[in-house]
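Here is a short report on one protein model.

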Amino acid sequence: MSAPARLVPRSRAGISGRLALSAATARGAHTTTSGIPGWLDRHRRSGGTAVRRIPFAGLDRWSFAPDTGDLRHSSGRFFSVEGLHVVRPEGEWQQPIIVQPEIGILGILAKEFDGVLHFLMQAKMEPGNPNLVQLSPTVQATRSNYTKAHGGAGVKYLEHFLEPDRDRVLTDVLQSEHGAWFYHKRNRNMIVEVDGDVPADDAFRWLTLGQIMELLRLDNVVNMDARTVLASAPVAPVALRALSSDSGLLAWFTGERARHDVSARRMPLREVAGWQADEHSVSRADGRFFRVVAVSVEGAGREVAGWTQPIIEPVAPGIVGFAHRVFDGVPHVLVHARVEGGFLDTVELAPTVQCVPANYARLPAEHRPPFLDLMLNASPDRIRYAAVHSEEGGRFLNAESRYLIVDTDETTTPTQPPPGFHWVTPGQLNWLAGHSRYVNVQARTLLAVLTIDAAAREAGAAGQGFSRGRGRPA
């Protein structure tokens with residue numbers, strides 16, 4: 001006779017409270033927050049990494065395919081740069097795009113020390129980072145990396161994420177990357193709790209969420225992959241009221257997906273209209289948006305010591321911002337249902353503003369993104385959060401944006417916003433970020449800031465654990 005079925009709770013008891021306590025803990029058990037920038041700088045200097053721009057002819061094992069002009073690696077692994085043709089009723093465009101069909105792992109280990117969850121973060125070099133070394137997840141690896149397609153060393157701590165104990169998984173979701181630069185790219189975003197001994201060498205540090213929040217206030221310290229993983233964790237306090245019910249929000253978003261008719265197909269890179277190639281770059285004739293270039297990386301201190309690769313470089317810094325309002329005591333942010341050619345499912349929820357202002361400098365006001373001037377001209381007393389963060393440094397070179405959360409009012413961001421925009425609470429956005437293809441990668445950076453800070457405030461107000469420096473970070 002078979003054993004009776006055993007039912008379990010649908011959610012892990014107390015996980016949001018444990019994450020909130022970590023967010024309210026400003027002092028970690030092992031590492032001071034103030035020491036992290038210096039630690040990252042030491043790894044930067046000791047690595048001796050040099051990143052040089054090179055002509056395409058200097059690429060090793062990369063070449064333009066004779067039939068399509070696509071830029072590919074001789075192994076057929078890693079990624080390729082191809083063309084994309086996007087057609088919408090409003091118009092169409094063609095562009096280069098990175099095609100990387102494999103799913104990578106972005107994983108963070110969590111462990112309790114003195115009753116508080118800490119997260120194992122890594123000092124990782126990425127060639128496109130403006131300062132090379134930033135705070136990254138415990139594991140940040142494509143399938144080509146962790147299956148050793150590069151012939152290098154293995155990935156530390158990978159075993160915790162390949163076959164995790166499901167009862168120890170705090171979050172596990174496939175998330176998109178930049179839909180303007182990647183075609184259908186997804187990564188597995190994971191946080192896995194451990195309770196055994198996890199030796200950490202000098203390239204890793206255990207930090208609380210409160211410490212990570214303080215580091216998120218600094219420019220170019222916490223990398224994109226760490227930000228996206230943290231945004232998916234069930235941290236946000238659940239406000240019981242909002243301008244829209246959850247079902248109403250889903251109905252609006254489903255309607256946005258349905259009303260956007262988007263056709264995106266891959267095409268040969270050499271046939272992309274409006275772009276030109278020379279020995280050093282593939283770029284638009286008018287100099288807007290981005291270019292494809294090549295770099296050589298030496299002394300990397302990674303799984304392999306050096307390599308060459310193509311990489312995308314935006315033409316100027318970007319601006320990414322949420323308009324923020326409080327309705328009847330409940331904070332909301334204004335999201336935008338944004339179409340990007342590389343998305344797997346037409347649109348995802350993006351920040352209120354997400355663009356490179358230089359691309360619109362010469363265009364009339366009606367062709368500028370809505371609310372752009374609101375972000376550009378925000379007075380200091382309206383800015384709740386501001387920091388410069390770089391995008392994924394493995395594929396994008398010097399791709400920096402100023403991330404903002406700006407207090408607004410009815411005169412600038414009305415309660416009934418324009419078509420394509422919707423007010424949501426951080427809790428609703430955090431709920432959607434626990435599922436695939438709802439919240440884009442730029443919005444997830446700001447969501448990580450919103451949810452960790454809100455959880456810290458709520459835990460502080462509830463008086464949870466103020467010994468050992470616990471409490472809301474200053």
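pLDDT is the predictor's confidence in each residue, from 0 to 100. In this predicted model the average pLDDT is 92, and 93% of the residues score at least 70. Over residues 464–474 the pLDDT is below 50. Where pLDDT is low, the predicted coordinates should not be read in detail.

Residues are numbered from 1 along each chain as its sequence is written. The model is predicted, and local features need pLDDT of at least 70, while side-chain atom pairs count only at pLDDT 80 or more and totals for chains, interfaces and linings use all residues; side-chain values use heavy atoms, without hydrogens and water.

**Cores.** A nonpolar core is a set of buried Ala, Val, Leu, Ile, Met, Phe, Trp, Tyr and Cys residues joined through side-chain atoms within 4.5 Å. Buried means under 20% relative accessible area, exposed over 50%, partly exposed in between (1.4 Å probe, protein chains only). The largest core has 70 residues. Phe119, Leu209, Tyr385 and Leu429 have the most contacts inside it. A second, separate core of 22 residues includes Trp275 and Phe290.

**Rings.** Rings of Phe, Tyr and Trp (its six-membered ring) pair if their centres lie within 6.5 Å; planes under 30 degrees apart count as stacked, over 60 as edge-to-face and the rest as tilted. The whole structure has 12 aromatic pairs. Two of them are tabulated here.

| Pair | Centre to centre | Planes | Class |
|---|---|---|---|
| Tyr157 and Phe204 | 5.0 Å | 80° | edge-to-face |
| Trp275 and Phe290 | 5.0 Å | 45° | tilted |

Tyr157 and Phe204 are buried. Trp275 and Phe290 are buried as well. This second pair also belongs to an aromatic cluster with Trp181, Phe182 and Phe396.

Key. Contact = heavy atoms within 4.5 Å.
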